[in-house]
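The sequence and structure come first.

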Amino acid sequence: MRRLVAALLALLVLVVGYGALDVFDLAPGILTRTAPAEPVPAPAATGAATAAPEPPLPTPVASAAPLDEAALSAALPAPTVLRRELARELADPALGRSIGVTVRDAFTGAHLLDVDAARARVPASTAKILTALAVGVTLDPTSTLPTRVVQGRSPSEVVLVAGGDTLLAPGKGNPTAVAGRAGLADLATQVATALQAAGTGKVTVRLDMRYAAGPRYAPGWSMADVYAGYTQGVSMLGLASQRPTPGHPSPLRSEDATLAAFVTALRKAGITATAAPEGARAAAAAPQATELGRVESAPVGDVLALALDDSDNALTESLARQATVKAGGAATFGAAVTFVHRTVQGLGVDLTGVRLKDTCGLTSGQAVPARVLGDVLALGASGTVPSMRDTLSHLPVAGLDGTLHDRFGGQRSRSAAGIARAKTGTLTGVSSLAGTVVDRDGRVLTFVVMADKVPGSFAGTLGARAALDRFVAALASCGCR
């Protein structure tokens, strides 16, 4: 029955036309501190090796959102039976001494299980769910982010104008990709053609970084995390090939690296190009300046999905900043937090207990109750907020992609592989999951599980992740009537 419903849901998603809204869950970098969120943590230098998980047996399900008659007619779990069936998972010592849980029916919003759901806990990257809601209702998900080149103050000067795309390909763009949809080689070809037609073969390239310009790093971010490759500075221009990964940090000034790549692309296109000296690099493109070339990013909805799928802190903050500016706010981290809080609250979510310091969940000292995350999921699962419905339908799939690509492979968790979708949240001492799952009878459920007193070690992180996977698998396996 569940497999049939899953197939029907997947088909309906295709018919409705959900957009493709999708760094690994980065492990704690230094186990004695609060580290950046989230892919499976590599064993520490002195750590024990971990056994390779069993291969998952996925049967993908598309979404908890579509209002499908078969799913609506599936039996609803009985709360008392559900609690009894999940008692073992809730008592798992790997989750520590502080657990918040809310499980609800996706379509009606009925509460099926709540465990200390009103108490605020450290959200880690599950805070991105709040940001996704605010961004999704503010920025047009079908719009794109332009990267332009315009004529400068003289025929021998051109200006590279940032427009919010930090996923540029250094070479040709890939029209089927999200990261690398727009390519600098394509932009350079357009510019070279225009310059050569005007008889110009030598130019100096400057940068216009005025769009949504603001602080590069949130006040609560550690530069050690930046240098370790767990996040990067927020900029409105960057290369997909230079996104940070653990041990491979991004350039501190991504726009300068992008400028260098564009100059190289111009040279390959036949123009003698030079980047303006650093001290004289900034330029303000004139409003009526002649446009010499333009490339467009993937749709914003796809970029948002990628930020969630990879749990990309800087990309999330970039989108939050752009949405904040569009809503009339300042291009600062503080203004983005205010924007997310105001927007989510304006959609009817009670934010009692919420304390945000950034919009990605990286800064220490943040708190969100499981109830609040459950309320946000409900807006999408019920179809009340279409953009949030799309976000839920493209969260990482258990055992298949994103920050869940290597999870749900154990004997007791593989029943949810390919069926559950969830946003992860991981910091030292914190492990959380929030998303959707289809139970054995075909009923779609939303769930939030937050544990913020997990043993603060590499083994503790792995243990908590496995326990969370088993909890979701128990939901998937339970008819609970």
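Two strands are taken as paired if DSSP finds at least two bridges between them. With that rule, strands E10 and E11 are a pair: they run antiparallel and share seven bridges. Within this pair, Ala-422 has Gly-435 of E11 as its bridge partner. The model is a predicted one.

**The antiparallel sheet**

Strands E10 and E11 belong to an open sheet of five strands, with the order E2-E1-E12-E11-E10 and antiparallel pairing. Strand E2 (111–115) and strand E10 (421–427) are at the edges; each has a single partner strand, so one side of each lacks a neighbour in the sheet. On average, neighbouring strands here are turned by 5° against each other, direction ignored.

Strand E11 (residues 430–438) also pairs with strand E12 (residues 444–451), in the antiparallel sense and over eight bridges. In that pairing, Leu-433 stands opposite Val-449 of E12. Helix H11 (residues 370–381) packs on this sheet, where it touches strand E1 (99–105), E11 and E12. The direction of H11 makes about 155° with that of E12.

**The mixed sheet**

A second open sheet has five strands in the order E7-E6-E5-E4-E8, and its pairing is mixed. Its edge strands are E7 and E8, each of which pairs on one side only. From one strand to the next, the twist averages 25°.

Inside this sheet, strand E4 (residues 146–151) and strand E5 (residues 157–161) run antiparallel and are joined by four bridges. Arg-148 stands opposite Val-161 in E5. Two helices are in contact with the sheet. Helix H5 (residues 184–197) lies across E4, E5, strand E6 (202–208) and E8, and runs at about 165° to E8. Helix H7 (residues 254–268) packs on the sheet as well, touching E4, E5, E6 and E7, with its direction at about 155° to that of E6.

Asp-256 is found in helix H7. Its relative accessible area is 15%, and the cut-off for buried is under 20%, so Asp-256 counts as buried. Leaving out residues up to four places away in sequence, Asp-256 touches Leu-207 and Arg-281.

Glu-278 is placed in the loop between strand E7 (272–275) and strand E8 (291–296). Is Glu-278 buried or exposed? Glu-278 counts as exposed because its relative accessibility is 60%, and the threshold for exposed is over 50%. Glu-278 and Asp-256 are 22 residues apart in sequence, and their C-alpha atoms are 8.7 Å apart in space.

**The cavities**

| Cavity | Volume | Residues by class in the lining |
|---|---|---|
| Largest | about 130 Å³ | six nonpolar, eight polar, two charged |

The largest cavity has a volume of about 130 Å³. It is lined by 16 residues, and Thr-166, Gln-232, Gly-233, Ser-235 and Ala-314 are the closest to its centre. Helix H9 (residues 313–326) gives the most to this lining, with three residues.

The second largest cavity has 11 lining residues, of which Gly-136, Pro-141, Gly-301, Leu-304 and Ser-387 lie nearest its centre. The elements that give two or more residues to its lining are helix H4 (128–136), helix H8 (300–309) and helix H12 (386–393).

**Ser-318**

Helix H9 also holds Ser-318. Ser-318 is buried because its relative accessible area is 3%. Apart from neighbours within four places in sequence, Ser-318 is in contact with Gly-164, Val-234, Ser-235 and Met-236. Of these contacts, Ser-235 is also one of the residues closest to the centre of the largest cavity.

Technical notes
Residues are numbered from 1 along each chain as its sequence is written. This is a predicted model: local features need pLDDT of at least 70, side-chain atom pairs count only at pLDDT 80 or more; totals for chains, interfaces and linings use all residues. Side-chain values use heavy atoms; hydrogens and water are left out. On a 1 Å grid over the protein atoms alone, a cavity is a set of points where a 1.4 Å probe fits but cannot get out, and a pocket is an open set with protein on both sides within 12 Å along at least five of seven lines; lining residues have an atom within 4 Å of a point. Grid points are joined across faces, edges and corners, and a volume is the space filled by probe spheres set on the points. Ala, Val, Leu, Ile, Met, Phe, Trp, Tyr, Cys and Pro count as nonpolar, Asp, Glu, Lys and Arg as charged, and the others, Gly among them, as polar. Buried means under 20% relative accessible area, exposed over 50%, partly exposed in between (1.4 Å probe, protein chains only). Axes are lines fitted to C-alpha atoms, for helices over the stretch in contact, and angles run from 0 to 180 degrees between N-to-C directions. Contact means heavy atoms within 4.5 Å.
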